[in-house]
Amino acid sequence: MDEMKDVVLKYVINEYLEDEDEVLTYDTPLISGGIVDSFSMVSLKRFLENKYKISIPDDKATPEAFDSVTKIVKLVNEFLK
Amino acid sequence: MAYSDKVRNIYNGSLDEIREKGIFKQERYIHSSQAADIEVEFPTGSALKKVINMCANNYLGLSSHPDVIKAAHEGLDTRGYGMSSVRFICGTQDIHKELERKVTEFLGTEDTILFPSCMDANAGVFEAILTKDDVMISDRLVHASIIDGIRLAPAMHDTFKHSDMAHLEEKLQLHADKRLKVVITDGVFSMDGDTAKLDEMAALCEKYDAMLFVDESHSSGFIGKTGRGTHEKYGVMGKIDIITTTFGKALGGASGGCVSGRKELVEMCRQKARPYLFSNTIAPVVVSGVNTVLDILSKSTERRDKLEKNTEFWRKGLTEAGFVLKDGDTPIVPVMLFNAKLSQDFSKALYEEGIYAIGFFFPVVPQGQARIRTQISAGHEMHHLEKALEAFIKVGKKFDILGKTKQEIIAKYGQ
């Protein structure tokens, strides 16, 4: 679980942060905080699906479910089971 | 009538918000033709002021060129004022087809379709050629019109960091399973003046079986040895699948645009692109003008060569004076001021010195990257550039930013 948190956090930092000084934690609001826009959720969803060999239905891939690393990991785990 | 006070108040509230944010746009009225020397009424109602224009997209100085004006007159006399039709009903004249042939030859593509503007070309092209099974992968700094086109298309959309080829490759791998992939970029980025690495992008597209789309609006006519565009500069003519460009900048500056590229894609646009199908044909007077512009540019590289020399002089002069510039070698030369208010004050002070150059700040450019965007033209003579440089240095001294680093300017004025 913690390992997955770090993988997702690293991906989000590499993918979306332009400013190296910006700090991102597991609970930083990603979408409501303006770090990830709804367009960019597409690549995040595809990354998770490829990495963890899962399929996340569109109705589950909501801005709320993608709003922090902790929430994303929770969502992924639902489909891993 | 349902335009009640309540409705009016809602809009007035929205407009007040725009004013409060300091991003309310105001037109400045020009009482002359577009050229290096223009006469401007600003603020509205004030006496006319003669200034040097440093912010037009008139890169080749063709907006008021006598041969182009003569051709426009001939078009008006022989083909009339308007066509009162879309292209496919009764809006296609011989000169429209002539222009499509000339653009195809100039850009080194397979076929071309005209649009009322490049904004329309970008808005219509993706919806016409892609389905929900496809993906569009765009540079994060592409022009607003491309973003609008992407929004209208049914295909999936993803982005890569500006000019970051490793990131683009990751995205091409991520979306390898898609039916069709299109990589989307500007040739020259209009706010920063840098160019897309089209040689590397074309190689990546070949490797991952993706199409390559380039908006050449700020390139056509002057980038590359013979002015064909960014694809010429990077040695990949014939390898770009879709080019969009405008006739509203270097190529005469009036209006109109096109999609040029693989013949099947152009034909799909002719069958399906909504701005082509449901908007009027380009007026004959404009088509005649652009036909002559392409004749002028095909005969001689004199104008783009002069533009290149002017640009070198301008970049060198500003750099030696101690301004912070964005790197690049195009005629778009951003003078970085970082602070939004400073960019507005600097622009006003330049205007008082007889120089017309506009300050850009968030949201047009990223937060903390306010600037004066200068644009050089082949219509500028050396005396224009010398006077403009003198004014920039005078104003730079006034605000004490010459020789200062980004950090020092931010420390003095804030970000």
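Start with the lining of the second largest cavity, which splits into five nonpolar, three polar and one charged residue. The sorting rule: Ala, Val, Leu, Ile, Met, Phe, Trp, Tyr, Cys and Pro count as nonpolar, Asp, Glu, Lys and Arg as charged, and the others, Gly among them, as polar. Before you click further, note that this is a predicted model, where local features need pLDDT of at least 70 and side-chain atom pairs count only at pLDDT 80 or more, while totals for chains, interfaces and linings use all residues. Residues are numbered from 1 along each chain as its sequence is written, chains are lettered from A and ligands numbered from 1 in the order in which they are written, and side-chain values use heavy atoms, with hydrogens and water left out.

**Stop 1: the cavities**

Select R87(B), L114(B), F115(B), P116(B), Y276(B), S279(B), N280(B), T281(B) and I282(B) to show what lines that second largest cavity. About 50 Å³ of space lies inside. Here a cavity is a set of points, on a 1 Å grid over the protein atoms alone, where a 1.4 Å probe fits but cannot get out; a pocket is an open set with protein on both sides within 12 Å along at least five of seven lines, and lining residues have an atom within 4 Å of a point. Points are joined across faces, edges and corners, and a volume is the space filled by probe spheres set on them.

The structure holds three cavities of 30 Å³ or more. For the largest, at about 70 Å³, select A35(B), A36(B), N53(B), A56(B), N58(B), Q375(B), S377(B), G379(B) and H380(B). That lining has three nonpolar residues, six polar and no charged.

**Stop 2: the second largest pocket**

Now go to the second largest pocket, with a volume of about 1,100 Å³. Its lining runs to 34 residues, and the closest to the centre are K25(B), Q26(B), R28(B), I358(B) and G359(B). Colour α14 (340-352) and β13 (359-360) of chain B, the elements that give two or more residues to this lining. Helices (H or I, at least four residues) and strands (E, at least two) are DSSP runs, numbered from the N terminus. The top contributor is α14(B), with six residues. By class, the pocket lining comes to 15 nonpolar, twelve polar and seven charged.

Where does the second largest pocket lie relative to domain 1 and domain 2 of chain B? Both domain 1 (26-55 + 302-413) and domain 2 (66-299) give residues to the lining, so the pocket lies between them. The domain bounds come from an automatic or database domain assignment.

While you are at α14(B), pick out Q344(B), which sits in this helix. Q344(B) counts as partly exposed, at 29% relative accessibility (buried means under 20% relative accessible area, exposed over 50%, partly exposed in between, with a 1.4 Å probe and protein chains only).

**Stop 3: buried parallel strands**

Next, select β5 (135-139) and β7 (181-186) of chain B. Every residue in β5(B) is buried, five of five, and β7(B) has six of six buried. In β7(B), K181(B), V183(B) and T185(B) point one way and V182(B), I184(B) and D186(B) the other.

β5(B) and β7(B) run parallel, joined by four bridges (strands pair if DSSP finds at least two bridges between them). Look for I137(B) with its bridge partner V183(B), and M136(B) opposite V182(B). β5(B) is also joined to β6 (156-160) of chain B by five parallel bridges, with V135(B) partnering M156(B).

The chain crosses between them through helix α8 (198-207), a right-handed β-α-β crossover; right-handed means that, with the strands pointing away from the viewer, the path from the first strand over the helix to the second runs clockwise.

**Stop 4**

Finish with the open sheet β1-β2-β3-β12 of chain B, whose pairing is mixed. β1 (29-30) and β12 (355-356) stand at its edges with a single partner strand each, so one side of each is left without a neighbour in the sheet. β2 (37-41) and β3 (48-53) pair antiparallel over five bridges, and D37(B) faces I52(B).

The other sheet, β11-β14-β13 of chain B, is open and antiparallel. Six bridges join β11(B) to β14 (370-375); to see one residue pair, select V333(B) and T374(B), which stand opposite each other.
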